[in-house]
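The sequence and structure come first.

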Amino acid sequence: MTEGNNDKKVTDRLLHGLNPQQAEAVRHDQGPLLILAGAGSGKTRVITHRVAWLVRVLDVRPSAILAITFTNKAASEMKSRIEDLIGSVSQYMWIGTFHAMMMRILRRYADRIGYDRSFAIIDSDDQQKVVKSCLADLNLDEKTFAVKAVHSQISAAKNALIDVGAYESQAGSDFFRSRVAQVYRCYQAKLKKNNSMDFDDILVEAVRLLESQPDVLAEYQERFQYVLVDEYQDTNHAQYRLVRLLSERHGNLCVVGDDDQSIYSFRGANIQNILDFEKDFKRCKVIKLEQNYRSTGNVLKAANAVIRHNQGRKKKSLWTQSDDGEMITFLRAEDQNEEGRYIAREIERQVSRLGRKTYRDFAVLYRLNALSRSVEQALREQGIPYRIYGGTRFYDRKEIKDILAYLRLVVMPDDNLSLERVINVPRRGIGSATTDMLAALAERDGVSQMAVCQNATRYPELQRAASRLTAFASLISQLGAGLDSEDKTLDQYLDWMENETGLIQELLDQQQRIVSGDALDRIENLKELLSDAVEFENQVQRLAAPDETLPPEERALVPANLRETVRAFLERAALYTEMDQDKDQDDVVRLLTIHSAKGLEFDTVFIVGAEEGLFPGYRSMGSQIEFEEERRLAYVAMTRARRKLHITATRSRLLFGQTQRYVVSPFVREIPDEHVDEIGGSREGERSMPWSETSQSLPGRPPIPAARSPLADAAAYMAPKPAQKAASVHFSVGDKVEHPKFGIGRILMAEPVAGDAILQVEFKGVGTKRMLAKMAGLTRLGG
DNA sequence: GGGTGTACGATTTTT
DNA sequence: TCGTACACCC
């Protein structure tokens, strides 16, 4: 160790407050290192301090460090915490997701493996579309070959690094698999023709690049002296291969993970990667972090007791210094309404009546998104503010994808997928007959569909639609000209484009006819994209600032003009889906799936729907492997709670339009009695089929005492509070207003939307118009 | 070419 | 139960 040569203060600071195992992990120098980090064991702290240690104590160049995470959120948290420790030199490190890091490599070298370096990334919607068109090309029936199923086969093959050829020979004469092989081949051909990669390709092609180009491999192997991988239990085979390749030269690979929290096998994660790490990387050091700093004794012991039933795991047992704390409360409710009311009442009691907690201390966790509904309803009745996490992500929204497709088309006119998306959005009278012909002609002549549009008049087949097609082509080139005129910022350009394409107008027209607030939300989203663009451009400016000294190959990637900024913005939109950084502070109850709760913690957690068939899901009950993954899910859910855990199950539940009777989840029965208070019925009682998994693990369990405080205590349910009034906007019906174009008018109708209002205004001599107040630049003249 | 009705189907999620 | 994708009809 060379730490003796360094400032003692620095080493003290980096090791301060760490337990012996944590400190050992931070100080580890050469060779592979496996950190088995139990839930709440201070994992992030260890990783960030370790990176700081490498730089500050071992004098490793920041640019020689590669730290990989699974989500952008995790990456940005890691970045900022490392920056707090070592300052701005941290910007030279490669910290990011697998996909983002591999994109850096592919953007430089993709031409070596047959792509244009400006290749596009297609999202899962487009992936489905491509699969669909392949099925059509191959005359395969979508009933037998469900798009989703075929696509997931292809994706799984890619994650396992099985290319088309290998897949074909594996499939042999198997009816289904051999057809999937044909689709796979067709799919890859289409992507290649469109100069696109899907998310899986980013990993697969990175492997192919590194394995086929020795000089490229050598460059990065040489560069990355230290490689760190977070959430290693979630890596798939392609990621495993990348990690191996990149760390091979120096051998300083540190992986951090917890096999008990592996919950993503359905998307290709291979738990064997972490279980076999010691075999794979010889002379590897293993450090277990078993002290939990998060939960109270009852919660932790209960979670330990549950996860202990799993066979395939590394033995470890979390412990805590904190006392037992409150018991876990288990509620057996009659149905989902009672379950919801219980949650609402309990939250209200803690927040309003006792004033002990705030709304943000609470989270409701469920296995299926569909379970959120009844909880939502109960919270709404009680006037409790909440937010649902997950759901459609911002960049997945239709209107956003439309705008992004226009953007992509402007910088890459040959992108057929984007063209198909927006050629008739908004309606331009270009229907399926025309678009089919367009695709066929482009295919026949080996040119892009945009090229056919430009020359539409020369194709006799397109006679009737020719003028509309050329008009579309000139719209795109006009948008392209706007891009190069240099006097617009990104958000100004987007704003201009939203109007120029007619998208905004169409949404306003829709709003005029339809009563739903749907179109308004979309306009809101488009506005939000503008503020996102502003923020993005600020980041770019900061990177481009003259006093920053970026390494040359990274500097080359910083956009220098609007066109390059657009490209970078598109890439970010494809790879970065989270937009709610500042919303974390809101004082609201959080509703989320167990999957999306991983890595988070809350003072009080409700786990709802703890019923056999839901959790574990009925699909997983046939296989030991899948059943154990469900149990890990239960473990993850329980260990989110810092101080108090509630688990609820119903006797019968209305789900997907059907009411069914349910039995308590076996996982709940695996919790020892001494940690649980029961309400409304015991965890035991009716059971379904003898449960092979659990019956063996609960030998001679003593009878459960009768329930103590049945929920018949209905009076305790508080009367619903009136819903909160929407924030007032400073425009109201009857106001006189002035519009820059239409002049003076009077407001006929005002409807508040987040931070703005949609108005119906009657203008003298112009007629009635509908618009967003702020966006239209209305001024109030008085009532 | 566009609008409307209906049948179907529905874990978990990131990139 | 609810959303959406597709077929059918004008």
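Buried means under 20% relative accessible area, exposed over 50%, and partly exposed in between (1.4 Å probe, protein chains only). At 19% relative accessibility, C284 therefore counts as buried.

The model is predicted: local features need pLDDT of at least 70, side-chain atom pairs count only at pLDDT 80 or more, and totals for chains, interfaces and linings use all residues. Residues are numbered from 1 along each chain as its sequence is written, chains are lettered from A and ligands numbered from 1 in the order in which they are written, and side-chain values use heavy atoms, with hydrogens and water left out.

**Cysteines**

A disulfide is a pair of cysteine sulfur atoms within 2.5 Å. The structure holds one.

| Cysteine pair | S to S distance |
|---|---|
| C134 and C186 | 2.4 Å |
| C254 and C284 | 9.9 Å |

The link of C134 and C186 is left-handed, with -90° about the S-S bond. C134 sits in helix α6 (residues 124-137) and C186 in helix α9 (residues 175-193), 52 residues apart. Helices are DSSP runs (H or I, at least four residues), numbered from the N terminus. Both C134 and C186 are buried.

C254 is buried, at 1% relative accessible area.

**DNA strand C**

K132, R373, F656 and G657 surround DNA strand C. A polar side-chain atom of K132 lies 2.4 Å from a phosphate oxygen of DNA strand C.

Technical notes:
A residue is near a molecule or strand if one of its heavy atoms lies within 4 Å of it. A polar contact is a pair of N or O atoms within 3.5 Å; within protein, one must be able to donate a hydrogen and the other to accept it, and residues adjacent in sequence count only if both atoms are side-chain atoms. Helices (H or I, at least four residues) and strands (E, at least two) are DSSP runs, numbered from the N terminus.
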